[in-house]
Amino acid sequence: ERRSLLQTEQTGLKRHLKARHIRLMALGSTIGVGLFLGSASAIQIAGPSILLGYLLAGIVAFIVLRTLGEMAVHEPVAGSFAAYANTYVGPLAGYMVGWGYWTYWIVVGIAEVTAVGIYMGIWFPETPQWIWALSSIVMMGLINLIAVKVFGEFEFWFALIKVVAIVAMIALGGSVILFGFTNDWQPIGLSNLWQHGGFFPNGISGMLLSLQMVLFAYVGIEMIGLSAGEAENPKKTIPMAIDSLAWRILIFYMGAILVILALFPWNEVGQQGSPFVVMFERIGLREAAGLINFVVITAALSSCNAGIFSGGRLLYALSINGYAPAPFAKLSQYGVPHRAVIATVAVCMSGVVLNYFVPDKAFQYMMAAVTFVGLMVWIAILFTQIQFRRSLSQAQVAELGYRTPWWPYSSWFALAFIFLVVVLMGFHEDAQMALILGPCLLGVYLVMFYVVGLHRKTKTSREFK
């Protein structure tokens, strides 16, 4: 009988993450470069119809989060969906998901520090981009080596800065649109949504081709599952965090993008860096634009912080189960998997090299690569939850404390949508490289699994905990 028991009490991890930490961590991990910088590229492809893309992707993200939440509340373990995949699909699935998601967070860390370099370049154009990337990784790595409660506090305040800034931006932009604030009290209205080539200026195909960039903005919410193993009361805090996160993300993304598209013709967005910074400059608040630049820097640092946290926990879980070198399973006196964290930070340093050699293209490469790996993890979560449900009797299903709505139709719809986006990536020039590198990476992990598997046969068998 397979087990999935990476229990906090057994492994030494500390349950010190409060409900407010978990809510803001998950929200903070998604409000990063995908919204502040990546949204500009998506708008250029889809025009105002990007709003429809964010809505569809938001619905799919909610379904993925609920399927994961169903399993996390039933069995709150630190190994999260890697452990669930091992239990309900098989050891190969657990191994591939664990290493794949670790790679995903490595790429997220690189993408986020690349964004930090871009934003800092606004203030310090003479300083090389790679210096900011290196400084960011070192700083976030040090925060993650302290007790998890300290990490939770840092992430809480990082995320809160982003949330307050976006709410203020929506309110200020809304006052310009509705009342003409800073525009001689002449309301701008919503006409920019259809006056420049219509709502679909590049056709339905433009909106479809932007979906891979839109989904990238949402990928990251699944890290809430990784926090279950260190949550004070996971059966209460996880459902609360998931349900509140869904509508918050939709409001922040849809509201922020709607304001930007209403204030500017869509074909002018993103020509001068982050559309958030340009928005404040356009309405005459240059000082506020500088403040927003600070906010987007903290946003990128927040996502990098969350990436190192998640990567460290995954490497720790893989090590505990013999899927990664044994030294990574060691905990510090504060209950932090410090060796796994240090290894994750060390690999993130490759992002510094990327910023040194190809600073202009680094962000585009990272965004495409991280989308593919993240989507593979989402597919794994959905398929694992389907297998999880099939393993339960009707009586056990009735006893589930937190269920996926509209199951099984919702899970199959989300799977079909994600597969469509993967296919569409083949028609997007920047994403085509990810479709080549992604399967190659999975192939490497597949070979590694069987090499490790042959090695494990000579040792005492251990199930993925």
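How many aromatic pairs does a search of the whole structure find? The search finds 18. They come up again at the end of this tour, which runs through a predicted model.

**Confidence**

Colour the protein chain by pLDDT. The chain has a mean of 78, and 78% of its residues reach 70 or more. Where pLDDT is low, the predicted coordinates should not be read in detail.

**Helix 8 and helix 15**

Select residues 129-144, which are helix 8, and residues 338-348, which are helix 15. Their axes lie 10 Å apart and the packing angle is about 170°. Because angles over 145 degrees count as roughly antiparallel, helix 8 is roughly antiparallel to helix 15. Show side chains at the contact: helix 8 supplies Ile137, Gly141 and Asn144, and helix 15 supplies Val341, Val345 and Cys348. Four of these contact residues are nonpolar, two are polar and none is charged.

**Ile308**

Next, go to helix 14 (residues 286-320) and pick Ile308. Is Ile308 buried or exposed? Its relative accessibility is 1%, so Ile308 counts as buried. Leaving out residues up to four places away in sequence, Ile308 touches Ile137, Met140, Gly141, Asn144, Val341, Thr344 and Val345. For a distance check, draw a line from Ile308 to Ile143: the C-alpha atoms are 9.6 Å apart, and the two residues are 165 apart in sequence.

**Ile260**

Move to helix 12 (residues 234-263) and select Ile260. Ile260 has 0% relative accessibility and therefore counts as buried. Its C-alpha atom is 7.7 Å from that of Gly173, 87 residues away along the chain.

**Aromatic rings**

Of the 18 aromatic pairs, begin with Phe124 and Trp132, a tilted pair with 5.4 Å centre to centre and 35° between the planes. Phe124 is partly exposed, at 39% relative accessibility. Then select Phe156 and Trp157, whose ring centres are 5.1 Å apart and whose planes stand at 90°, so this pair is edge-to-face. Phe156 is buried, at 11% relative accessible area, whereas Trp157 is partly exposed, at 48% relative accessibility. Finish at Phe81, Tyr101, Tyr104 and Trp105, which ring pairs link into a cluster.

Conventions
Residues numbered from 1 in each chain as written. Predicted model: local features only at pLDDT ≥ 70, side-chain atom pairs only at ≥ 80, totals over all residues. Heavy atoms only, no water. Helix = DSSP H or I, 4+ residues; strand = E, 2+ residues; numbered from the N terminus. Buried < 20%, exposed > 50% of the residue type's maximum accessible area, 1.4 Å probe, protein only. Contact = heavy atoms within 4.5 Å. pLDDT = per-residue confidence, 0-100. Axes fitted to C-alpha atoms, helices over the stretch in contact; angles between N-to-C directions. Parallel < 35°, antiparallel > 145°, perpendicular 65-115°, else oblique. Nonpolar A, V, L, I, M, F, W, Y, C, P; charged D, E, K, R; others polar. Phe/Tyr/Trp six-rings, centres within 6.5 Å; stacked < 30°, edge-to-face > 60°.
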